[in-house]
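Here are my notes on this model. Please keep the structure open as you read, and check each point against it.

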Amino acid sequence: MSDEADVTLRRATAPDAAAAADVWLRSFAAALPTVVRPRSDDEVRDYFRDVVVPLRETWVAEERGPQGLRIVGVMVLDGDLLSQLYLAPDRRGHGIGDRFVALAKERGPQGLHLWTFQVNKPAHRFYERHGFVAAEYTDGSGNEEREPDVRYVWQP
């Protein structure tokens, strides 16, 4: 395993879309096995290619390892919304998510908010550790997955 120094955070470019989507797909499957995805893998890849990377503030974590460079994380900002933060399952717990949140706070110094599913207790602990506070719980009727969620808010 590479250490944190071998991971670079940078803005995503068009050629990163497929790898970023694959990180999202693997991370979602590992972290949220009970949540039903409303989109196929191909639809997720198309969305990353056509919307996420070109139209959102998308960042990737790129790791230099024995096999060369690989994308191991993705974070998407949309104004003060931290709309996506996903890591390759084998890279969780290595400080990459902490670095993404620090970057998000730099990019959104007036405050941030995000949504996560209520079943994702590790995400709750992670965001709470970074000063986010649960502000709203819903029944999931407002998200595509129809999964109960929680809105977290961070204020500096």
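1. Charges. The model is predicted, so treat every value here as computed from a prediction. The protein carries 20 positive and 25 negative side chains. How far apart do the centres of the two sets lie? They lie 2 Å apart.

2. Overall make-up. The protein has four helices and seven strands. Along the sequence they follow the pattern β-α-α-β-β-β-α-β-α-β-β. The radius of gyration is 15 Å, close to the 15 Å from the globule rule for 156 residues, so the protein is as compact as a globular protein of that length.

3. Box and surface. Along the principal axes, the C-alpha atoms fill a box of roughly 45 × 35 × 30 Å. The accessible surface comes to about 8,200 Å². Carbon and sulfur atoms account for 49% of that surface.

4. Burial and contacts. Of the 156 residues, 44% are buried. Now take the contacts between residues at least 6 apart in sequence. Of these, 61% join residues at least 24 apart.

5. Strand β2 covers residues 57-65, and strand β3 covers residues 68-78. In which sense do they pair, parallel or antiparallel? The pairing is antiparallel, over nine bridges. Two residues sit between the strands of this hairpin. To find your place, look for Glu 63, which stands opposite Arg 70 in β3.

6. The hairpin has two residues between its strands. Look at Gly 79 in this hairpin: its phi is positive, near 65°.

7. Ser 27. Find this residue in helix α1, residues 17-31. Is Ser 27 buried or exposed? Its relative accessible area is 7%, and buried means under 20%, so Ser 27 is buried. Leave aside neighbours within four places in sequence, and Ser 27 is in contact with Leu 32, Tyr 86, Leu 87 and Pro 89.

8. His 124. This residue lies in helix α4, residues 121-129. His 124 is buried, with a relative accessible area of 7%. Which residues does His 124 touch, not counting those up to four places away in sequence? They are Thr 116, Phe 117, Gln 118, Val 150 and Tyr 152.

9. Arg 146. Is Arg 146 buried or exposed? Its relative accessible area is 55%, and exposed means over 50%, so Arg 146 is exposed. Apart from neighbours within four places in sequence, Arg 146 is in contact with Asp 139, Gly 140 and Ser 141.

10. A distance to check. Arg 146 and Glu 136 are ten residues apart along the chain. What separates their C-alpha atoms? The separation is 16 Å.

11. To recap. Ser 27 in helix α1 is buried. His 124 in helix α4 is buried.

Note on methods:
Residues are numbered from 1 along each chain as its sequence is written. This is a predicted model: local features need pLDDT of at least 70, side-chain atom pairs count only at pLDDT 80 or more; totals for chains, interfaces and linings use all residues. Side-chain values use heavy atoms; hydrogens and water are left out. The radius of gyration is taken over C-alpha atoms; the globule rule is 2.2 Å times the number of residues to the power 0.38. Buried means under 20% relative accessible area, exposed over 50%, partly exposed in between (1.4 Å probe, protein chains only). Contact means heavy atoms within 4.5 Å. Accessible areas come from the Shrake-Rupley method with a 1.4 Å probe; for residues, only the protein chains shown count as cover. Lys and Arg count as positive and Asp and Glu as negative; His and the chain ends are not counted. The place of a charge is taken as NZ of Lys, CZ of Arg, CG of Asp or CD of Glu. Two strands pair if DSSP finds at least two bridges between them.
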